[in-house]
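Have the sequence and the 3D view open beside you as you read.

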Amino acid sequence: MQIVVDPTGCQGYAQCVFLAPEVFALHGEEGLLYAPAVPDDQLERVHQAVAACPVQAVLVGEEVAAAAR
C-alpha cells in the first residue's frame, strides 16, 4: 500500500505518529517524515492513523493514485 501526506493540509497534530510510529515520525516540531510504501505488518496501524487525522491529510491506496492525476 502507498501513502501520501498533503503537506499543505497537514497541521502537525501527529495522530499518525502516535498510531503508526514505524511509518510516521516528527522532524522538529512540525515537519512530518513518513515511509510512502507501508510494510504489510503496519497496514492496520496506518488505516487507524488515516482515520484519526483530523484534517484528512493522509491519503492511501487508490486515493494516492487519484491525487496524482
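Cys10 is partly exposed, because its relative accessibility is 24%, and the cut-off for counting as buried is under 20%. Keep in mind that you are looking at a predicted model.

The cut-off for a disulfide is a pair of sulfur atoms within 2.5 Å. Cys53 is not in a disulfide either: the nearest cysteine sulfur to Cys53 is that of Cys10, at 6.5 Å. The disulfide count therefore comes to zero, given the 2.5 Å cut-off.

Now for the overall plan of the chain. It contains three helices and four strands, and from the N terminus on these elements follow the order β-α-β-β-α-β-α. The chain has 69 residues, and 28% of them are buried. Its accessible surface comes to about 4,500 Å², with 52% of that belonging to carbon and sulfur atoms. If you consider contacts between residues at least 6 apart in sequence, 61% of them join residues at least 24 apart.

What sits in the largest nonpolar core? In soluble globular proteins, nonpolar side chains tend to be buried together. Here the largest nonpolar core has 16 residues, and those with the most contacts inside it are Ile3, Ala20, Val23, Phe24 and Val46. Strand 1 (3-5), helix 1 (15-19), helix 2 and strand 4 each give two or more residues to this core. Helix 2 provides the largest share, with three residues.

Next, visit the loop between strand 3 (31-34) and helix 2 (43-52), where you will find Gln42. Pro36 is found in the loop between strand 3 and helix 2 as well. Is Gln42 buried or exposed? Gln42 counts as buried, because its relative accessibility is 9%. Pro36, in contrast, counts as partly exposed at 42%. Their partners can be listed too, not counting residues up to four places away in sequence. Gln42 touches Glu22 and Val23, while Pro36 touches Met1, Gln2 and Ile3. The C-alpha atoms of Pro36 and Val23 are separated by 8.2 Å, and these two residues are 13 apart along the chain.

The last stop is Val58, which lies in strand 4 (residues 58-60). Val58 is buried, because its relative accessible area is 6%. How far apart in space are Val58 and Pro7? They are 51 residues apart in sequence, and 9.3 Å apart from C-alpha to C-alpha.

Here are the accessibilities from this tour, side by side.

| Residue | Relative accessibility | Class |
|---|---|---|
| Val58 | 6% | buried |
| Gln42 | 9% | buried |
| Pro36 | 42% | partly exposed |

Terms used: Residues are numbered from 1 along each chain as its sequence is written. This is a predicted model: local features need pLDDT of at least 70, side-chain atom pairs count only at pLDDT 80 or more; totals for chains, interfaces and linings use all residues. Side-chain values use heavy atoms; hydrogens and water are left out. Buried means under 20% relative accessible area, exposed over 50%, partly exposed in between (1.4 Å probe, protein chains only). Contact means heavy atoms within 4.5 Å. Accessible areas come from the Shrake-Rupley method with a 1.4 Å probe; for residues, only the protein chains shown count as cover. A nonpolar core is a set of buried Ala, Val, Leu, Ile, Met, Phe, Trp, Tyr and Cys residues joined through side-chain atoms within 4.5 Å.
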